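Please read it alongside the model.

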Amino acid sequence: MAGILDKFRLDGKVCWVPGASYGLGLAYAEAFAQAGAKKIVFNDINQELVDRGLEEYKKLGIDAYGVVCDVTNEEQVNAFVKDVEEKFGGVDVLVNNAGIIKRIPMTEMSKAQWDQVINVDLTGPFLCSKAVLPNMMKKGFGKIINACSMMSELGRETVSAYAAAKGGLKMLTKNICSEYGQYNIQCNAIGPGYIATPQTAPLREKQPDGSMAPFDRFIRSKTPAQRWGKTEDLQGLAVFLASPASDFINGQVVYIDGGILAYIGQDPSQLDESKFRDVEGVEDIKVADN
Ligand code: NAP
Ligand code: GCO
């Protein structure tokens, strides 16, 4: 008799994770493969990153398919989705993971910088979702998981474009749920807290004297767990939202933040560094600023 854990399996499913050469996207894809996914497909914005990703997947024993595709380029997105339909039968699970951030005070941010963030973080998920929905509607099955954020709920200095995009992505999640739930398509979002990846590496960089970055101390004071998240902390939720176990969950943002949104925080100067359960072994890939 099939047990409850079978509901968390992804057997036979083709999973597409844009921007999965490293970071959270790679972690999601690895988890999907372990949960039995038939094929992992991914894209990144240049061949060097795609090759890097293919290397990583090979090391993990995952036979992934990766090509260059910019999620802001509708022609490239549609060509990629058609390619996957012809090669592997179409996308069953889409995680709209690709994202950038620009940390610039709004009064100093150019329109071009604003547009770039909105294009990748909000228009990209629109284009990728629009491309996969027709096949999902035909099949009568589909999972779309958006990469929301603390900034889908909260603001902070210098991240106006990112927060606007992630807030919009929360509402796009609800709208895809509303419009396509009737086709047995579920659209939810993962709302990570502060996770140790290349995107947040600048926030954790040690000071010249070797002391902790002020923002690092600040985030630990806002997080009951007093630590940054690790990419593997999010794998279980990603598999859950991609699997039949979540078929009656739709339009939700599930926050996985170590308690940040529930906690007013404590005085950073009162933190006892000896108690920190540090995030070891996080490879902070130095990536050029987007
Ligand atoms: P990351 O380390 O910066 O990785 C983002 C990935 O997306 C990279 O592979 C990047 O490639 C790719 N990408 C960027 N622009 C793209 C485009 N136009 N087309 C295709 N791929 C593109 O980010 P992360 O920390 O893993 O985060 C992944 C997602 O989760 C993002 O949407 C982020 O906003 C969200 N998130 C992250 C955190 C966190 O604390 N890390 C928390 C909440 C939400 P390039 O290297 O070429 O840019
Ligand atoms: C920042 C961080 C955050 C995280 C994440 C939090 O500069 O505040 O990059 O935006 O990436 O989105 O959930």
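1. The buried residues of H8 are Gln 235, Leu 237, Ala 238, Val 239, Leu 241 and Ala 242, where buried means under 20% relative accessible area with a 1.4 Å probe, protein chains only. Because 6 of the 8 residues of this helix (residues 235–242) are buried, H8 is largely enclosed by the rest of the structure.

2. This is a predicted model, in which local features need pLDDT of at least 70 and side-chain atom pairs count only at pLDDT 80 or more, while totals for chains, interfaces and linings use all residues. Residues are numbered from 1 along each chain as its sequence is written, chains are lettered from A and ligands numbered from 1 in the order in which they are written, and side-chain values use heavy atoms, with hydrogens and water left out.

3. The buried residues of H8 pack against helix H1 (23–34) and against strands E4 (93–96), E5 (142–147), E6 (185–192) and E7 (253–256); contact means heavy atoms within 4.5 Å. Helices (H or I, at least four residues) and strands (E, at least two) are DSSP runs, numbered from the N terminus.

4. An open sheet of 7 strands runs in the order E3-E2-E1-E4-E5-E6-E7, with parallel pairing; two strands pair if DSSP finds at least two bridges between them. Strand E3 (65–68) and E7 are the edge strands, each pairing on one side only.

5. Strands E1 (residues 14–18) and E2 (residues 39–44) are joined in the parallel sense over 5 bridges. Cys 15 has Ile 40 of E2 as its bridge partner.

Methods
Buried < 20%, exposed > 50% of the residue type's maximum accessible area, 1.4 Å probe, protein only.
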